[in-house]
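Here is a short note for a colleague opening this model for the first time. Please read the points with the structure in view.

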Amino acid sequence: MSIVVSLISIAVLTVLARLINRILPFAVCPLCAGVSGTWIWLLAAYFSGYPLSPVIPAFLMGGTVVGVMFKLEHRIEPKLILTWKTLFAISGFGSMNALIARQWIFFAVGIVAVLSVTLVCKIRGIKLDTE
């Protein structure tokens, strides 16, 4: 799969998400939707046997992990932020690698770890404002 096709997909899905945002009762990050949508369809094609390297969806998946972390970080107490970011990133990258490798148990464990570390940080002092 060419990087050019992936970049075009990101652009097209980003524009579509921006247009859809006009009618949704909530906001969706258009670029996040473009990147996530692209790696999801690339991964579906890869799993369906289409001959493509998993490298492109892998780095897009990593971008999604970092993007989700960025979106959540302002809600985590400053004293917990480095610990939370480190555990979130390690768990997120590990679970995405397991997804590509079709290691479903490790994928599930990684997702549970991401959710658990976020929940623990929330219990210990997440800011509840909805800025």
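**Notes on helix packing, a pocket and confidence**

1. Start with the contact of two helices. In α2, Val35, Ser36, Thr38, Trp39, Leu42 and Leu43 meet Ile56, Pro57, Leu60, Met61 and Thr64 of α3. Contact means heavy atoms within 4.5 Å. Eight of the residues in this contact are nonpolar, three are polar and none is charged. Here Ala, Val, Leu, Ile, Met, Phe, Trp, Tyr, Cys and Pro count as nonpolar, Asp, Glu, Lys and Arg as charged, and the others, Gly among them, as polar.

2. The model is predicted: local features need pLDDT of at least 70, side-chain atom pairs count only at pLDDT 80 or more, and totals for chains, interfaces and linings use all residues. Numbering runs from 1 along each chain as its sequence is written, and side-chain values use heavy atoms, without hydrogens and water.

3. Now the geometry. Helix α2 covers residues 30-47 and helix α3 residues 55-73; they pack at about 145 degrees, with axes 9 Å apart. Axes are lines fitted to C-alpha atoms, for helices over the stretch in contact, and angles run from 0 to 180 degrees between N-to-C directions. Helices are DSSP runs (H or I, at least four residues), numbered from the N terminus. The crossing of α2 past α3 is left-handed, that is, the near helix is turned anticlockwise from the far one by less than a right angle.

4. α2 also packs on helix α4 (residues 81-100), at about 35 degrees and with the axes 11 Å apart. Trp39, Leu43, Tyr46 and Phe47 come from α2; Met96, Leu99 and Ile100 come from α4. That contact has seven nonpolar residues, no polar and no charged. Trp39 and Leu43 also belong to the contact with α3.

5. Next, the largest pocket. Its volume is about 200 Å³. A pocket is an open set of points on a 1 Å grid where a 1.4 Å probe fits, with protein on both sides within 12 Å along at least five of seven lines; lining residues have an atom within 4 Å of a point. Of 13 lining residues, Cys29, Cys32, Ala33, Ser36 and Gly67 are closest to the centre. α2 and α3 are the elements that give two or more residues to the lining. The lining has eight nonpolar residues, four polar and one charged.

6. Glu73 sits in α3. Beyond residues up to four places away in sequence, Glu73 touches Ile81, Trp84 and Lys85.

7. Last, confidence. Mean pLDDT (the predictor's confidence in each residue, from 0 to 100) is 90 for the chain, and 92% of residues reach 70 or more.

How values were computed: Grid points are joined across faces, edges and corners, and a volume is the space filled by probe spheres set on the points.
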